Amino acid sequence: MVKRKLKKSVIPTLYVCAIVAVLGCAYMIENAISNQQFNEDDHYGYVNKTIFDESVPVVNENETKMIRPYKDTNVKVVKNYYDYKADSTQQENSLIYHDNTYIQNSGVSYGGVDNFDVVSVLDGTVIDVKEDKLLGKIVQVKHANDIISVYQSLGKVNVKKNDTLKQGDVIGTCGMSNLSKELNNHLNFELIKSGQVVNPEEFYDKVPSEG
């Protein structure tokens, strides 16, 4: 066999070809990876648009709507809350006359049914049970969202201080008060939110955060 030697000029050429081949492969691999990332970015952009950009805000399902302080559908309003923005006729119907003095009603009086059950408007804790000369038996319940409900003119009382109540639990029954004898058996209900007395009729069937 005849031994042959490569020319010195051929060896550098082979090195150059090898380097070009390696660089070409590296370029092709990098280009393929870039295209894949581009396609994935397009995909995630589409997901973001359909799920997040066009989504409808979800209401907190854990919040409970406030109910009325009674369940008997025959109960009605017998004395309205005194609203400074109301017309003169409505304001006149919201005044309580006692001892030759007109008093603005700071709650809503419900009646029309004898001895109806009075219930808690929301979950809460009883913070006070007492009896007043004018307002009769009173129960105060503290709720979330800085709300306190006050049940006045009660007959029978079923709860005591520090009791934990669920919405709809019976607090007692309606009764009489010396302040509004002409209303006979009734409940005078006050609602206090963030330290301010508010009109309860504007909060029923709403979650506390809407008030």
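Helices and strands are taken here as DSSP runs, numbered from the N terminus. On that basis, the elements of the chain follow the order α-β-α-β-β-β-β-β-β-β-β-β-β-β. The totals are 2 helices and 12 strands. The model is predicted.

The chain has 211 residues, and 31% of them are buried. Contacts were also sorted by sequence separation. Among those with a separation of 6 or more, 64% join residues 24 or more positions apart.

The largest nonpolar core contains 27 residues. Y110, F116, Y151 and L187 have the most contacts inside this core. Five strands each supply at least two of the core residues: β4 (108-111), β7 (136-143), β8 (147-157), β10 (170-174) and β11 (186-193).

With residues up to four places away in sequence left out, L187 touches Y110, F116 and Y151, among others. Its partners also include V108, S109, V118, Q152 and L154. P69 and C174 are likewise in contact with L187.

The largest pocket has a volume of about 180 Å³. It is lined by 10 residues, of which T64, L122, A144, N145 and P208 are the closest to its centre. By class, the lining of this pocket is made up of 5 polar, 3 nonpolar and 2 charged residues.

Key
Residues numbered from 1 in each chain as written. Predicted model: local features only at pLDDT ≥ 70, side-chain atom pairs only at ≥ 80, totals over all residues. Heavy atoms only, no water. Helix = DSSP H or I, 4+ residues; strand = E, 2+ residues; numbered from the N terminus. Buried < 20%, exposed > 50% of the residue type's maximum accessible area, 1.4 Å probe, protein only. Contact = heavy atoms within 4.5 Å. 1 Å grid on protein atoms, 1.4 Å probe; cavity = no way out; pocket = protein on both sides within 12 Å on 5 of 7 lines; lining within 4 Å. Points joined across faces, edges and corners; volume = space filled by probe spheres on them. Nonpolar A, V, L, I, M, F, W, Y, C, P; charged D, E, K, R; others polar. Core = buried A, V, L, I, M, F, W, Y, C linked by side-chain atoms within 4.5 Å.
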